[in-house]
Amino acid sequence: MGFTTSKFLDGSASTDSLTKNTGSSLNKLPNTRQNTLDSINNKFAIVWLDTSVNDADIIHRNSVARCRRISVLINTFINVDECLQYLTKMKETKILMIIAGNCVKEIWSRIKSMKHIHSVYIITDDDDDQKKEYSKQEYEKVKGIFDRVDPIFGLLKRDTRHIEQDLLGISIVIPSDDYLKQELRQLNSLFLYWFLVRQIILDVKYDDGAHKSLAEFCRSHFTENSKELKIIDEYENNYHDHSPIWWYTRQCFLYVMLNRAIHTQDIEVIIKLAPFIQDLHRNIEEIETSNETSTVLYRSQITSNDDFEKMKGTEGHLLSFHNFMLANSNYKTALDDARRARGNANSVALLFRIEVDSSQKSTCFTPLKDTSYLKDQENNFLFSMQSIFRTREIKQIENQVWQITLKLTKINDKQLISLKELVHEKTQNVSQWHQLAKLMALLHEFDHAKEIYHVLLSLLPTTESSKMCHIYNELGIICDETGDYRLALAFYQKALEIQRKSPRSNHYSLSTVYNNIGEIQRELGDYFAALSCHQKTLSIKQKILSPHHLSLATTYNNLGLANQSLGEFATALEFYGKSLDIKRKVLSPTHIDLAITYNNMGELQREMGKYAAALKYFEKGLQIRLKTCSPYDSSLAITYNNIGLIHREQGDYNQAIVYFRKSLEIKQKTFTSNHPSLAISYINIGEIHQLLGEFSEAISSYEKALEIQEKAYSINHPDLAITYNNLGVVHQLLGNYPSGLSFYQKALKIRQKSLPSNHPALATSYNNIGHVSQLMGDNNAALEYYQKTKSVQEKCLGPNHPSLAVTFNNLGDIQRTLGNHKRALGLYEKSLEIKKKSLASNHPALSVTYNNIGVVYQTMQKHALALEHYKKALENQQKNFPLDHPEIALSYYNIGTAHQSIKQYSIALENYEKALKIHEKTLSANHPDLAHIYNSTATAYFHMGQYQKALEHEQRAVDISIQSLPPDHPHLQTFKLHLQRIQSELEVK
């Protein structure tokens, strides 16, 4: 209890509340793509280093041309340092390296530890003794030492084939009889990506000119490869003279581009190759397999130990190969190929044993005996793209060789049908390739979704204005999701500009764009502009829709949000009511959308401090969910969580933790043990322990959350930063400021890597580091970080955002701590100025600043001005909150301290009494804030010489603190010291 000083930016955001209904919602503009195949993220490349070569050497030029037939990406170097720079840059690419003997000594020690170098081939004219020196070096990647280049080409072909073979993409999905009941994000995103890509490619209809267009596209990627250019010409003119299987197995430009595009998920190349992919699939599908009832095929692949560990224990799971896959019916050949992993301690050989029931329809495959371009293919088979198998057994058969038995799934497999229904449900009403981008966004693969939209945008003719508008809209949504609000606004405005210019534009589409602009302006803190946009949306919809259209309910909801942000709570409640009225007329009484609206109204009531009303709305939503959802539906967990938040606000921490644990119990039965949603529950439970002063339990809960997040997310996932932040808070409360600072710095480091430099979450981290630095007495560091907070907020939120007002408040706190009261006063007044510009004149946030200005005046011994501002704070609160709101109690308390400072003890006691009556109604009987009021009341009585009353009140403060605080809590120790002092005075008397 006491003065309101720094408004702490908690940043935990772990409340798990339901999404507010914001209605239908339309990154940077697409980068210009280089028009060569080098722009594709190649998985391997040939590097040739020879410092003595002459570019005019015709033999060397011919040798390089032969290498280019093996790998599209080949780089030659005559300078060792330039070669090393390239190798360092290409860490994600497997390198096959040809080194001239005159370069080995200079470069050897600097490359032998580079893990991405796959193979080394040394060319030297040295004598046999010198060759022996090279071979003595224990370097497993050296494939040979040669006196001429010709023998190397055969080895390069073999090794590139092995790399291609080992790069075959695999993804695994946990089986389920009803995927529709699962959360989309619980499934393997890569599996779903290729599952949908295949579906889209097979569904799209291509015209007769598709192959000529493909040839033109491919030609631009092979400008320096005369051999491939001739094959492309042949393809363009004579494509239908041969089968798609014949073209694919020729291992020409089609084979190279297709496999590489699948490896790198290059969506532009995949879209361009789609006509050929469709033909190839149909070709495989139409060829009859043998009449044998079953076939067993084999395929070997080398993988890392880490990747293999992830595959262990996946018996019964669905497994897919993303590429078109070659397999062999000869077990010995496949096993011999697998044995090449021996000698490499970091690798494991996988021998896939594939069982196919030829009597039943399965994912298509075909023998290559009579269809391949290559000869002697009697034992080889080709599976179509994204073939799906079920893992039956995983066992070790030799040292470093494991056999994985797979069963090819059938076309009518129930789990595959369920999976297809799930993907369709989540991406319906979106055409073709837009489905893929939408799916990636739903999976929170935002960078991937943006890349797809950028490619689609670059492929669109300028006449397709409606599709361009849709893409800009979707890019805006993604930027909103990732916190890049200004870029989101730019995309929405681009969509609006297109809509206005388009002759085919319709008013409803305009209303959608205005809605999205309004929502992003609300995020940016420009609440008046947000309100204006939503009013435009409403005006358009009212002209073209019936009065009870559900879309109007969405707009009323968003007008409610805008007014709520402005502090116009009565108006916000009115709009929520209109939204609710429409839904009640259009929807059934137990429709889930009603539960969402009740949630929003509950959130408003919670913000207004009307906790009983908030609880009522949350419980209404709960009743709907209990009737319509299963007992372990995840939305029930969210509702229980929100009810827990109300009890937390009321200070009923024991009841709050009951609901948080109910929420956790449902999640534990619904989700896997490492599901991120459980982490949210552990964070909320940890916060209750923190509020109860049970800091060790709080840390334990936060660490459980952290353990889950570390397994579920990458090391730089933003949610990890939230948990590190919370650990920082609890260590700060424990007085372990260095530990608190360390956790805040971990949170900052993650956010700097995973978020844009102007993301609001970075401002939160800077603020928290500033705050703990302030507590450690390092006011200069605090000032530096508060200035960084201010800089980020000014860039991402604008000059009049309410959060910036909070930062000016914190800067004021620093200046007040440094004794610069006039500067502090100026900063508090700047905070007040921003709030007056960006918020309604009676917004409750104004009361915080009035209070802080009062604190400065009280410190400056200007008690009349202090009282004036405390009273302004009180007047503001009385307009916004019920008369028994805890914030009003705080103002009474501060007014009491001001009167006590000028020795007006009777008036101070009157205000303490008012504060006490409110808290006794709204807080639990042992709430720590009550102890502070009793302590201050005791102090007033003590100065008035009424020691008996002082004793009674101080004893009450101690009793409450014993119940609510740990034994070593500093407040409890202070109250005990005060009690001893009063007792001493009574003994003297």
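Predicted model: local features only at pLDDT ≥ 70, side-chain atom pairs only at ≥ 80, totals over all residues.
Local features need pLDDT of at least 70 and side-chain atom pairs count only at pLDDT 80 or more, while totals for chains, interfaces and linings use all residues. Residues are numbered from 1 along each chain as its sequence is written, and side-chain values use heavy atoms, with hydrogens and water left out.

**View A. Helix 39 packs against helix 40.** The axes (lines fitted to C-alpha atoms over the stretch in contact, with angles from 0 to 180 degrees between N-to-C directions) of helix 39 (residues 928–943) and helix 40 (residues 947–964) come within 8 Å and cross at roughly 160 degrees. That makes the two helices roughly antiparallel (over 145 degrees). Helices here are DSSP runs of H or I, at least four residues, numbered from the N terminus. The contact residues divide into 11 nonpolar, 5 polar and 3 charged (Ala, Val, Leu, Ile, Met, Phe, Trp, Tyr, Cys and Pro are nonpolar; Asp, Glu, Lys and Arg are charged; the others, Gly among them, are polar).

**View B. Cys83 is in no disulfide.** A disulfide is a pair of cysteine sulfur atoms within 2.5 Å, and the count comes to 0. For Cys83, the nearest cysteine sulfur belongs to Cys103, 8.4 Å away. Cys83 has 0% relative accessibility, so it counts as buried (under 20% relative accessible area, 1.4 Å probe, protein chains only).

**View C. Thr789 sits buried in helix 32.** This helix spans residues 779–796. Thr789 has 0% relative accessibility. Leaving aside neighbours within four places in sequence, Thr789 touches Ala763, Tyr766, Asn767 and Thr807.

Technical notes
Parallel < 35°, antiparallel > 145°, perpendicular 65-115°, else oblique. Contact = heavy atoms within 4.5 Å. Buried < 20%, exposed > 50% of the residue type's maximum accessible area, 1.4 Å probe, protein only.
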